[in-house]
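Keep the structure open and look up each residue as you go.

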Amino acid sequence: MRLTVLGGCGVWPDAGQACSGYLVEHDGFRLLVDVGYATALRLLERITADQVDAVFISHGHPDHCADLNPLLRARALRDDPPAPLPVYALPGALDAVLALDRPGMLDAAYVLHEFTAGTHLDIGPFRAQTRPLPHFVPNAGVRLAAGGRVLAYTGDSGPSPDVVELARGADVLLAEATYLDQVPPDSRRYQSSACQAGRQAADADVGHLILTDLQPGTDPAAARCAARDGYGGPVDVAVADLLVDLP
Ligand SMILES: [Zn+2]
């Protein structure tokens with residue numbers, strides 16, 4: 001399994017940095033996990049739009065799904081459109097982004113598979129176990145297994161025993177860490193800090209922690225440092241071009 005980060009900016013795209021978007025490949029199958037602002041640009045620097053085999057969206061915030069629109073346009077409006085793209089999302093999560101264009105214009109470009117968080121999905125070679133995690137809107141964390149390797153991704157989530165369960169023993173945990181250490185009171189249940197991500201990575205005994213969704217302006221070195229307070233394994237920050245092979 002191979003993870004390529006397209007972007008890991010939280011909230012809005014910073015100069016030169018896209019929001020959440022992760023290309024996960026195994027056995028020639030390309031799964032795109034979240035398609036936040038500006039990730040289509042990063043994706044199309046690497047592969048063509050028709051080379052994406054499936055999309056999984058954690059939740060309906062636009063910094064995680066807005067660029068589904070340009071991706072679908074790039075497939076639907078070409079002279080020889082590819083087969084419809086399977087898109088997995090929570091019920092209603094994509095209503096807004098799928099309504100951006102004239103009704104019907106993009107309908108042939110995708111097949112929407114709405115799922116209930118907590119169920120498992122088979123997506124190409126990936127077994128995807130989903131889990132509801134606390135956020136301002138319904139959010140599904142996902143544990144992707146293929147070839148004996150496991151990548152866990154929180155989407156956006158407050159600290160929760162469910163994050164630890166999602167990530168238990170994973171080779172890589174890709175964890176939202178919007179803040180360094182202090183989370184504002186009104187967000188404490190729904191967003192996390194790098195400190196909390198580190199502690200949860202340790203509790204779940206993961207092999208590698210990748211912090212993502214950092215608020216623009218956050219010092220990546222400070223985020224890594226905050227996570228290392230609680231976690232002794234390798235820590236990275238998700239930025240475009242970070243490539244991790246899960247051997
Ligand atoms: Zn969110």
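1. Start with Phe29 and Phe126: both are buried, where buried stands for under 20% relative accessible area, exposed for over 50%, and partly exposed for anything in between (1.4 Å probe, protein chains only). Bear in mind that this is a predicted model, in which local features need pLDDT of at least 70 and side-chain atom pairs count only at pLDDT 80 or more, while totals for chains, interfaces and linings use all residues. Residues are numbered from 1 along each chain as its sequence is written, and side-chain values use heavy atoms, with hydrogens and water left out.

2. Next, the aromatic rings. Rings of Phe, Tyr and Trp (its six-membered ring) pair if their centres lie within 6.5 Å; planes under 30 degrees apart count as stacked, over 60 as edge-to-face and the rest as tilted. By this rule there are four aromatic pairs. The ring centres of Phe29 and Phe126 are 6.2 Å apart with planes at 65°, so this pair is edge-to-face. It links distant parts of the chain, with Phe29 in strand S3 and Phe126 in strand S8 (residues 126-133), 97 residues apart. The element labels are DSSP runs numbered from the N terminus: helices (H or I) have at least four residues, strands (E) at least two.

3. Now compare Phe136 and Tyr190. Their ring centres are 4.9 Å apart and their planes sit at 45°, so the pair is tilted. This pair also links distant parts of the chain: Phe136 is in the loop between S8 and strand S9 (139-146), and Tyr190 is in the loop between strand S11 (172-176) and helix H5 (194-204), 54 residues apart. Buried or partly exposed? Phe136, at 42% relative accessibility, counts as partly exposed, and Tyr190, at 22%, counts as partly exposed too.

4. Which residues hold the zinc ion? Its protein donors are His59 (NE2), His61 (ND1), His135 (NE2) and Asp156 (OD), lying 2.1 to 2.3 Å from it. Donors here are N, O and S atoms within 2.8 Å of the metal (3.2 Å for Na, K and Ca); water is not among the atoms, so sites may look incomplete. Along the chain, the donors follow the spacing H-x1-H-x73-H-x20-D. His59 lies in the loop between strand S4 (54-56) and helix H2 (62-65), and Asp156 in the loop between strand S10 (149-153) and helix H4 (161-167), so the pair ties together parts that are 97 residues apart in sequence. Both His59 and Asp156 are buried.

5. Why is the zinc arrangement called irregular? The four donor atoms subtend angles of 90 to 163° around the ion, which makes it so. For four donors, tetrahedral needs all angles between 85 and 135 degrees; four count as square planar and six as octahedral if opposite donors are over 155 degrees apart and all others between 65 and 115; anything else is irregular.

6. Have a look at helix H3 (residues 68-76), whose buried residues are Leu68, Asn69, Leu71, Leu72 and Arg75. They cover an arc of only 165° around the axis, which puts them on the same side of H3; the arc is that of the directions from the helix axis to the C-beta atoms. An α-helix has 3.6 residues a turn, so residues three or four places apart point the same way. Among the elements covering these buried residues are strand S3 (29-35), helix H1 (39-44) and strand S6 (110-114), with contact meaning heavy atoms within 4.5 Å.

7. Finally, the charged pairs. A salt bridge is a side-chain nitrogen of Lys or Arg within 4 Å of a carboxyl oxygen of Asp or Glu, and the count comes to nine. One of them joins Arg73 and Asp101, with the closest N and O atoms 2.6 Å apart. That pair links Arg73 in helix H3 to Asp101 in the loop between S5 and S6, 28 residues apart. Arg73 is partly exposed at 36% relative accessible area, whereas Asp101, at 12%, counts as buried. Another salt bridge is between Asp162 and Arg131, whose closest N and O atoms are 2.8 Å apart. Asp162 lies in helix H4 and Arg131 in strand S8, so the pair ties together parts that are 31 residues apart in sequence.
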